[in-house]
Amino acid sequence: MEKLFFTILLLVMAVFASEAQQITMDHFSPEEHYQEGMKALNRNEQITAMRYLLQYVHEQEGNPNSDPEKLIIANKRLGNIFLFYYDYASAYRYYEKSYKLACDKDSPLQLGILYNLGVVCSLLHKQEEAQRCDSLIRTYPTPGPSHQYYMCIEKAFYEKSFGKEQKGIDNLKQAIKEVKKADLDPRHLSTPFSELTEIYQGNGEIDSALHYARLYYNISREGEVNNMLVDSHRYLMQLYTLKKQYDSAAYHQNMYLTLSDSLMKTSVFIETTNNWNDMPHEASTQKIHGLEDTISLQKAMLWGFGMLIIMIVVVGFIIYRNQLSLRKKDREIYERNKELVDLERRHESEEKRADHDQESTNTEDVPKNDEALAGLSQRIVRLMENTEEYCNPEFSLQMLAQLLNSNTKYVSQAINDYLGQNFRGLVNEYRVKKARQRLTENPTYANFTIQAIAESVGYKSAANFIAVFKKITGLTPAHYQKMAKEDTAAKS
């Protein structure tokens, strides 16, 4: 019960602290919001900058006395931030607003906004709008020294989405040349390097992808472009895994996991954008009624929290009793999973000894009878238990067949007939086993995010990982991680 009340107290304090911060922001003038937002961008504090600039845009839209140039810049910077977090729809919305303002005021910023707008239109598969942007860019009367570079980038994204991929590659390589020709900041190389890495990796040209990924990493590190540094570690982790250079892959995986949460702050970004989704657009009305709304909100919060505390006091003992029962059941499930981890480890050791004493029989191309299918199913199990190929997010039935020197038809048949499941179920089973082993045996995983753990065993989506993990183990990965952490603390 003491923990429960302490949690409620912290919740009340956190909400009032958040409200106090919002009130402080509300007392800033629009100019202060703009200046604080730009300062935060210079410090590479994307979330803070977004909060101030959203507030500035909200207050100044429709205000006849607003500074149009600053409003153009604020909308463009917001577009950049949303593009940074892969929220293309929001990025498009703010670039559009910025471009319309720039056209209305005949601002020289039009061309710079058009470059970004064209890229986002391609990413959103808005082909007609992407073509319109391209046409406007080509006919712009006074382009600057970086014009050819941005033309190549914009065209590369267009070709990647709607045209021929090879033309996209050619434009990206031309953009690299334009950086040197126009003596641009070397950080401009980050975009073509990252895009070439992605294209070549997608095509299975691993050596070419690795070449550009290394260049991308070097430029990001030297230019201190933090978000791209995280991105480059992710590429190198994947590529070194495909090359089976596991030491290098592990290094970049650790760097990616360490930096991604501290630099990207994706959860904070989502929370911030959700808080702004329902904000009204009538700035003048908000100014008139702002103080009254704040007072009413505080009264409602006090009343609501008072009722909440009363309810918790009334039903607290019931919740506490249920939690004890649930905790006991979860502990039993966790202990059973720990026993399974130990059994799996012993089984793996026995399999490795058996493999050492038995010569390889991977000579047949196509199993032709039940006995051969049974043997193939045993080879599948040995491969899954003695390697971590299934941790590759691109792992497929075709890749498994190639590793077994067989074909997809007979591998699939062996899995279905002798292992009692389909290929996807088999991969899910081994990925969850691996995640469970790491959480149980490796203290480092106690501090990883669920997204990071999911990616480490081959899942691109944390939601899919959570659903499969819960189905197989009976616990969510977060709950399992928490109990493993408690075990480690108890032992030490």
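Predicted model: local features only at pLDDT ≥ 70, side-chain atom pairs only at ≥ 80, totals over all residues.
How are helix 6 and helix 7 oriented to each other, roughly parallel or roughly antiparallel? Two packed helices are described by the angle between their axes and the distance between the axes. For helix 6, residues 110-123, and helix 7, residues 127-138, the axes come within 8 Å and cross at roughly 155°. Angles over 145 degrees count as roughly antiparallel. Helix 6 and helix 7 are therefore roughly antiparallel to each other. The crossing in which helix 6 passes helix 7 is left-handed.

The chain then leads to another pair. Helix 7 and helix 8, the latter formed by residues 147-162, have axes that come within 11 Å and cross at roughly 160°. That angle makes helix 7 roughly antiparallel to helix 8. Here too the handedness can be stated: helix 7 passes helix 8 in a left-handed crossing.

A further pair is formed by helix 10 and helix 12. Helix 12 comprises residues 226-242, and its axis and that of helix 10 come within 11 Å, with a crossing angle of roughly 25°. Because angles under 35 degrees count as roughly parallel, helix 10 is described as roughly parallel to helix 12. Helix 10 passes helix 12 in a left-handed crossing.

Glu-96 has a relative accessibility of 14% and so counts as buried, since the cut-off for a buried residue is under 20%. The C-alpha atoms of Glu-96 and Ile-113 are separated by 8.5 Å, and these two residues are 17 residues apart along the chain.

Most residues other than glycine have a negative phi. Asp-183, however, is not a glycine and has a positive phi of about 55°. Asp-183 is located in the loop that joins helix 9 (165-181) to helix 10 (190-202). With a relative accessible area of 67%, Asp-183 is exposed. Asn-405 is likewise not a glycine, and its phi is positive, at about 60°. Asn-405 belongs to the loop between helix 17 (397-403) and helix 18 (408-418). Its relative accessible area is 34%, so Asn-405 is partly exposed.

At the start of helix 21, a side-chain oxygen of Ser-461 reaches to within 3.3 Å of the backbone nitrogen of Ala-463. Helix 21 is followed by Gly-474, which has a positive phi near 90°.

How are the buried residues of helix 21 arranged about its axis? An α-helix has 3.6 residues a turn, so residues three or four places apart point the same way. The buried residues of helix 21 are Ala-462, Phe-465, Val-468, Phe-469 and Thr-473. Seen down the axis of helix 21, these buried residues fall within an arc of 130°, so they line one face of the helix. On the other side of helix 21, Ala-463 and Lys-471 are exposed.

How values were computed
Residues numbered from 1 in each chain as written. Heavy atoms only, no water. Helix = DSSP H or I, 4+ residues; strand = E, 2+ residues; numbered from the N terminus. Buried < 20%, exposed > 50% of the residue type's maximum accessible area, 1.4 Å probe, protein only. Arc of directions from axis to C-beta. Polar contact = N/O pair within 3.5 Å; in protein donor to acceptor, adjacent residues only side chain to side chain. Axes fitted to C-alpha atoms, helices over the stretch in contact; angles between N-to-C directions. Parallel < 35°, antiparallel > 145°, perpendicular 65-115°, else oblique. Left-handed = near helix turned anticlockwise from the far one by under 90°.
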